[in-house]
Amino acid sequence: MDPPAADPGPAKAEGSGPQGEMDLPVADPGPVRTEGELLQCPYCDSEATHKLAQFLLPGLAAVCVDSTTGDLFRSPSVVAVDLRKEMVDHITQKSETFIADALIESEANQNPENEMPDDPYEIVSIFMDDFSSTKRNIIGHVSGWLLSDSRDDKIDDFVQEMEMTRFWPLERREAIAEVLLKNVDIKTKFHCPEKYENEERLAEHKAQCSFRPVTCPNEGCRAKVSVRCMQDHDAACLFKILQCEQNCEKRLLRRDMDRHCVTVCSMRPMKCPFGCDSSFPETNLGEHCSESLQLHLIKVLQAIHKKCFTADELKDRALQLEKSDDHGKLAKARDARSLTNIVKDLEAKMKSSS
């Protein structure tokens, strides 16, 4: 399969460049004049735009795969340029009439269960499905193919191919996603609806607009997020430095928290290695071994001598071992094997000296 050509950069007017170039909407950071020369705030939800942009590439991959499945002369990469332009034109045109169509639909249909969706991802998904259905070949229309793992694998492979060749860079997709988002956002949940009569008033608004983009302050995170979403982003940002969830002395990135807590945290919970029912933070193992030494000795003695001693005799033997342990080796043992070896050595010395 020949890889699709990388995106040629800023789009030229249609027909002004070689085949494969296309007019792509470019995000305009300046004000938009609408409704009698009013200036509209250009800001929209940065994370919603990013999410919608990520949604476009697998959508294109699906169209390319479905339209060429079983075709001996065409591959997804061969049709990608043309289908990209057709898809962008289709979903953009559909988005431009979406609000008007939704209002007409709601007036014609009074059943609340049939209300038009207001989720931009769902809306754009409907547009893309509608476009995709017109491009499927005979095999692509077969329901078994649409639900097959083979189709999903081919789509995933082509998405990776397009990402590697930068066929459709994320920043270009974000420019398109911003246009789509503003067109279908009926309830203005994802873009600022404010309009002003002059540049000065608009500039005052933009300086405090809740949709204005800001860069995440956490070192290493390059995300740009709308001010209104920064609190939610910060609460999930993988680059946020946090105190250990298990209250050890460490401070670390959120993305490293799970691994730290499971593998190296001194406060990670552990069960007693000698088989008693206790559980405690790993850092307290030494304290537990000292406090529960006699109980651990009795368990080890039971394993060594089987049923040779009564419970009282086991307690007496444990006390004898503690008294004969001049160097405190018993309390330093951290597992049953090391404690067993120390007990056997002490018993041997006790036997030889008696």
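**Labels and cut-offs**

Tutor: Gladly, and let's begin with Ile99, which touches Asn183 and Ile186 when residues up to four places away in sequence are not counted. Keep in mind that this is a predicted model, where local features need pLDDT of at least 70, side-chain atom pairs count only at pLDDT 80 or more, and totals for chains, interfaces and linings use all residues. Residues are numbered from 1 along each chain as its sequence is written, and side-chain values use heavy atoms, with hydrogens and water left out.

Student: What makes Asn183 and Ile186 contacts of Ile99?

Tutor: Contact means heavy atoms within 4.5 Å, and Ile99 touches both Asn183 and Ile186. The C-alpha atoms of Ile99 and Val184 are 6.4 Å apart, although 85 residues separate them along the chain.

Student: Where is Ile99 placed, and why is it called partly exposed?

Tutor: Ile99 is in helix α3; helices (H or I, at least four residues) and strands (E, at least two) are DSSP runs, numbered from the N terminus. Buried means under 20% relative accessible area, exposed over 50%, and partly exposed in between (1.4 Å probe, protein chains only). Ile99 has 32% relative accessibility, so it counts as partly exposed.

Student: Why does Asn218 count as buried?

Tutor: Because its relative accessibility is 12%, Asn218 counts as buried. Asn218 is found in the loop between β4 (213-215) and β5 (224-226). Leaving aside neighbours within four places in sequence, Asn218 is in contact with Asp234, Cys237, Phe239 and Lys240.

Student: How many helices and strands are there in the protein, and what percentage of its residues count as buried?

Tutor: The secondary structure comes to 15 helices and nine strands. Of the 354 residues, 37% count as buried. Among contacts between residues at least 6 apart in sequence, 57% join residues at least 24 apart.

Student: What makes a set of residues a nonpolar core, and which members touch the most others in the largest one?

Tutor: A nonpolar core is a set of buried Ala, Val, Leu, Ile, Met, Phe, Trp, Tyr and Cys residues joined through side-chain atoms within 4.5 Å. The largest has 39 residues, and Leu60 and Trp168 touch the most other members. Two or more residues come from each of α1 (46-68), α2 (76-96), α3 (98-108), α4 (120-135), α6 (149-164) and α7 (170-184). The most come from α1, which gives 11 residues. A second, separate core has 21 residues, including Cys276, Ile342, Val343 and Leu346. As background, nonpolar side chains in soluble globular proteins tend to be buried together.

Student: How do you know that the span of α12 is close to what is expected?

Tutor: The expected span of a helix is 1.5 Å times one less than its number of residues. With 13 residues, α12 reaches 18 Å from its first C-alpha to its last, close to the 18 Å expected. Its buried residues are Leu293, His296, Leu297, Ile298, Val300, Leu301 and His305. What covers them includes α11 (285-291), α13 (311-324), α14 and α15 (336-353). After α12 comes Lys306, with a positive phi near 55°.

Student: What makes a space a cavity, and how many does a search of the structure find?

Tutor: On a 1 Å grid over the protein atoms alone, a cavity is a set of points where a 1.4 Å probe fits but cannot get out. The search finds one cavity of 30 Å³ or more. The largest cavity holds about 30 Å³ of space; grid points are joined across faces, edges and corners, and a volume is the space filled by probe spheres set on the points.

Student: Which residues line the largest cavity?

Tutor: Lining residues have an atom within 4 Å of a point; here they are Phe274, Cys289, Leu293, His296, Leu330, Ala331, Ala333 and Leu339. At least two come from each of α12 (293-305) and α14 (329-332).

Student: Why is Arg166 called partly exposed?

Tutor: Arg166 has 46% relative accessibility, so it counts as partly exposed. Arg166 lies in the loop between α6 and α7, and its phi is positive, about 50°, although it is not a glycine.

Methods:
1 Å grid on protein atoms, 1.4 Å probe; cavity = no way out; pocket = protein on both sides within 12 Å on 5 of 7 lines; lining within 4 Å.
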